[in-house]
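Here is a short walk through one protein chain, from its overall layout down to single residues. Have the model open while you read.

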Amino acid sequence: MKCAPGISYMIVFDRLWETMKKKGISTYWLREKCGIDRKTIRRLKANENIETKTLNKLCIALECGLEDIAEFQEE
C-alpha cells in the first residue's frame, strides 16, 4: 500500500465506547479491574496514541477483537 500524499489517516476508538455500552462496562470498571489509568482513558476519548499493551488489555477485558474497539479511517 502506498502512502497517499495529502490524505491523513488515524485510528479512532468510537467502537470501544459502543462495545463497552453493549457489555455494560464503565470506564470506572476499566480503571479498577483492568488497571487502565485515567490518562489512558482520556487519550482513548481523544483518539490519541496509546500503547499496544493497552489494546491487548482492552481486548481481554471486553472479550472482543481489535476490530471491536478501534477503526482505521481517513481523517
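## Overall layout

The C-alpha trace spans about 40 × 25 × 20 Å along its principal axes. The chain has 75 residues, and 28% of them count as buried; here buried means under 20% relative accessible area, exposed means over 50%, and partly exposed is in between (1.4 Å probe, protein chains only).

A few words on where this comes from. The model is predicted, so local features need pLDDT of at least 70 and side-chain atom pairs count only at pLDDT 80 or more, while totals for chains, interfaces and linings use all residues. Residues are numbered from 1 along each chain as its sequence is written, and side-chain values use heavy atoms, with hydrogens and water left out.

## How H2 meets H3

Helix H2 covers residues 27-34, and it packs against H3 at an angle of about 140° with the two axes 10 Å apart. Axes here are lines fitted to C-alpha atoms, for helices over the stretch in contact, and angles run from 0 to 180 degrees between N-to-C directions. That angle makes H2 oblique to H3. For the cut-offs, angles under 35 degrees count as roughly parallel, over 145 as roughly antiparallel, 65 to 115 as roughly perpendicular, and the rest as oblique.

The crossing of H2 past H3 is right-handed. In this scheme a crossing is left-handed if the near helix is turned anticlockwise from the far one by less than a right angle, and right-handed if clockwise.

## The largest pocket

Which residues line the largest pocket? They are Gly35, Ile36, Asp37, Thr40, Arg43, Asn49, Ile50, Glu51, Lys53, Thr54 and Lys57. Helix H3 (38-45) and helix H4 (52-62) are the elements that give two or more residues to this lining, and H4 gives the most, with three residues. By type, the lining divides into two nonpolar, four polar and five charged residues. The sorting is that Ala, Val, Leu, Ile, Met, Phe, Trp, Tyr, Cys and Pro count as nonpolar, Asp, Glu, Lys and Arg as charged, and the others, Gly among them, as polar.

The space in the largest pocket comes to about 170 Å³. A pocket is found on a 1 Å grid over the protein atoms alone: it is an open set of points where a 1.4 Å probe fits, with protein on both sides within 12 Å along at least five of seven lines, and lining residues have an atom within 4 Å of a point. Grid points are joined across faces, edges and corners, and the volume is the space filled by probe spheres set on the points.

## Two positive phi values

Asn47 is found in the loop between H3 and H4. Its phi is near 55°, a positive value in a residue other than glycine. Asn47 is partly exposed, at a relative accessible area of 22%.

Glu63 sits in the loop between H4 and strand S2 (71-74), and it too is not a glycine, yet has a positive phi of about 50°. Is Glu63 buried or exposed? Glu63 is exposed, with a relative accessible area of 70%.

## Pairs along the chain and in space

The loop between H4 and S2 also holds Cys64, which is buried at 17% relative accessible area. Cys64 and Thr19 are 45 residues apart in sequence, and their C-alpha atoms are 8.6 Å apart in space. Ala70 lies in the loop between H4 and S2 as well and is buried, with a relative accessible area of 14%. Between Ala70 and Leu44, 26 residues apart in sequence, the C-alpha distance is 9.8 Å.

Leu55 has its place in helix H4 and counts as buried at 17% relative accessibility. Leu55 and Ile69 are 14 residues apart in sequence and 8.3 Å apart from C-alpha to C-alpha. Then there is Glu18, found in helix H1 (residues 14-23) and partly exposed at 47% relative accessibility. Glu18 and Ile7 are eleven residues apart along the chain, with 27 Å separating their C-alpha atoms.

Notes:
Helix = DSSP H or I, 4+ residues; strand = E, 2+ residues; numbered from the N terminus.
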